[in-house]
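Reader: I am new to this structure. Please show me how to read its features.

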Amino acid sequence: MNSSTRTKKNVNKDGDDDPDSEYNQEEQIISSAISNSEDLGPIIRKAFSNGKPDILLSSLKNFKKSKEYEIEQVCRIHYQDFITAVDELKELLSDVDELKSAISNSNSILQSTALPLLNILDSFIESRNVYNNVHVALDSVQICIRLLELCSRVNFHLESNNFYLALKCIDLLENEFLDDGKTPSVTIRRMLEKQIPSMRLFIERKISKEFGDWLVDIRLVSRNLGQLAIGQASAARQREEELRIKQRQAEEQSRLSLRDCVYALIEEEEEDETGGGVGYDGKEMLYSNGGSGMLGFDLTPLYRAYHIHQELGLENRFKQYYCENRKLQLTSDFQVSSMTPFLESHQTFFAQIAGFFIVEDRILRTGGGLITKYEVENLWDTAVSKMCSVLEDQFSRMQTANHLLLIKDYVSLLGVTLRRYGYLVHALLDVIGKHRDKYHELLLSESKKLIGEALAADNFEQMMMRKEYEYSMNVLAFQIQTSDIMPAFPYIAPFSTTVPDCCRIVRSFIEDSVSFMSYGGQLEFYDVVKKHLDRLLTDVLDGSLLKLIKSPSVSGVSQAMLVAANMAVLERACDFFFRHAAQLSGIPLRIAERSRKQNPLNNARDAAEEVLSGLLKAKVDGFMALVENVNWVSEEVPHNGNEYVNEVIIYLETLVSTAQQILPVQVLKRVLKDVLSHISGKIVSILLSDSVKRFNISAITGIDVDVRLLESFADNLSHLFSNEDASQLKLSLVEARQLMNLLLSSHPENFLNPVIRERSYNTLDYRKVISISEKLKDSSDSYFGSFGGRGTKQDPKKRSLDALVKRLKDVS
């Protein structure tokens, strides 16, 4: 190619243009490209772009001619071979004719020889066909026999209500005669295709009817089952209460030895362990796994229906149907009749729900997936919500504490029962807790009414008990006895019938309060019980007693004395009330004692003592009126005391002899102390009064004798009181005693000495001393005269007293 290029350059250089040579070269290039099967596109474009397509066309024509020649040569060669083959076939034709004649002859000979054999073969084939037909007929008969047998078994099981076995036979019919194509007859096949679904539908209807009957029966069974389960919980609770009571008795009876106490408790525990067959934990006794339980609690129809529907391929539909029907039943159970009071129907209402969920728990655990835990929880949430709504509504309407308590107890038993099956009951207990205050308000109101009736019925007479059981019921039951020795009967108690009546009301209040708080989800509730007990004692009992004390019905000393005695006994009973509340609440007594406040009946007690003291003071004032008979300027001294003081002492001695049979020592001491203090003040007020214009030393000496007699009366009570208490009684007369000591003192000016005054005259008011001292005069109107007659020399005691009065006036 380089040489051609070089040649081309030489030609161009020489300037020799040869068109034929260029034409030949291009034709050669095109021919070469066509021969080599190269791409002619660039060549064609170049030819047309140069305006020289003739060269291209000429090259193509030359190429065509050369190829036609080559084709002609090839065809000539192959045609010669074909002619040669035809010649060879013609040579073979004569041989074929000869072979054909030979075969025809052989066929004739063969047919003549095989004709008898063909006849025999036809007979054999005919016999074989008959045999096959008979065999097919026998097989068909066997199939029909099997078909009839299965159909007969299906009918038998349907008549016997053995639906599971009937379904198994139907499945065999379907598998053997429909799916496998063994049915010998199209008619029979069509019959099976029609009857098998009908039989299944019949079984479904029958089992659905049985299930419907079970749904009806299970409602009644659920109610009885719930009542039985709640009854078992109640019995278990009762056994626990009895055990607690026996334990409290064992703790309180100190006369029993420790061994006896332990034996008593163990014996009780053994009784619990060997108790009846319906034990607290024996919930399996309530029902059976599928047979008849104690109440005919039979789940067999349900499980049978569920199993049959599983076999029918309708498991999910049956589950949905079951859940829907049970929801409808539960919704029906929620209906509260407006014709029947809820107090009468609440047990049936809650027992029905309890039985429902006991059944559901059993089905959940043994139903093989018939119902899920989630569905049961949804049902329970719905039930709890409805029960809470019903309780809220019913509690809001109730105005009787006992009604609330009855329903609360049953609801708590429902909670205990269902909690054993894993249900959450805190929402129900919360509803009860929300109405705790309302219950106690109603209980307080009812107790107030009962206490008011008991106080109104009091005849203010000491209670007589003729039998030991009366003493135990009215005294020992409330631990208000003053001695552990059993008294002789008939026994006259130092209180009226009001005391045991009020004690019973308060004890009932405590027990009802504890009963409401118990089993309510709150373990420590003593503080709540104590709070309401304080309210009962302080607001209700104390207020009612205070109202009684201030009423006109308490107008005599005997009545006031009996009321004061009742107050003292009720104070002792308060200790029992708080101990009883602590024991029922299950807390140690020492904790209850530490949390005790002061006596809650202080107001009524003080008022009763005040009324008694007031009546006694009025009586004493009547005797003190005899002071008008005192001769204040007499020269004679009444060595046996004045008339008024003798009358007062006689009355007080009579009073003490009577009061000591009724009033406790401390109450009697406080009353006497108040009365003696009143007498002391009365003596001082008499000397201050305008009715006494003047008096002499003899009169003062007589008053001193009166005071000594009163002090002697107080000393003589030492057999009732301790020496310290007797001394306190004497101190009640301290004002009169100090005044007498001052007026009869040889050195009255010592009153001005602060030390001596604080020690010996600390109760005297200097103004009273001035007024009384000014009345102490002799017969000549001087402060002091001689005791035997007039004298010109003034008595030193008189001068001292004059100086004291003067100094006191200066100070004032």
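Author: F342 is buried, and so is F350; buried means under 20% relative accessible area, exposed over 50%, partly exposed in between (1.4 Å probe, protein chains only). This is a predicted model: local features need pLDDT of at least 70, side-chain atom pairs count only at pLDDT 80 or more, and totals for chains, interfaces and linings use all residues. Residues are numbered from 1 along each chain as its sequence is written, and side-chain values use heavy atoms, without hydrogens and water.

Reader: What kind of aromatic pair do F342 and F350 form?

Author: Rings of Phe, Tyr and Trp (its six-membered ring) pair if their centres lie within 6.5 Å; planes under 30 degrees apart are stacked, over 60 edge-to-face, the rest tilted. F342 and F350 are edge-to-face, at 6.1 Å between centres and 80 degrees between planes.

Reader: Why is the pair of F357 and Y423 edge-to-face?

Author: Because their planes stand at 70 degrees, with the ring centres 5.4 Å apart. F357 and Y423 are both buried. The structure holds 18 aromatic pairs.

Reader: How many disulfides are found in the whole structure?

Author: A disulfide is a covalent bond between the sulfur atoms of two cysteines. The cut-off here is a pair of cysteine sulfur atoms within 2.5 Å. The search finds zero. For C169, the nearest cysteine sulfur is that of C151, 9.6 Å away.
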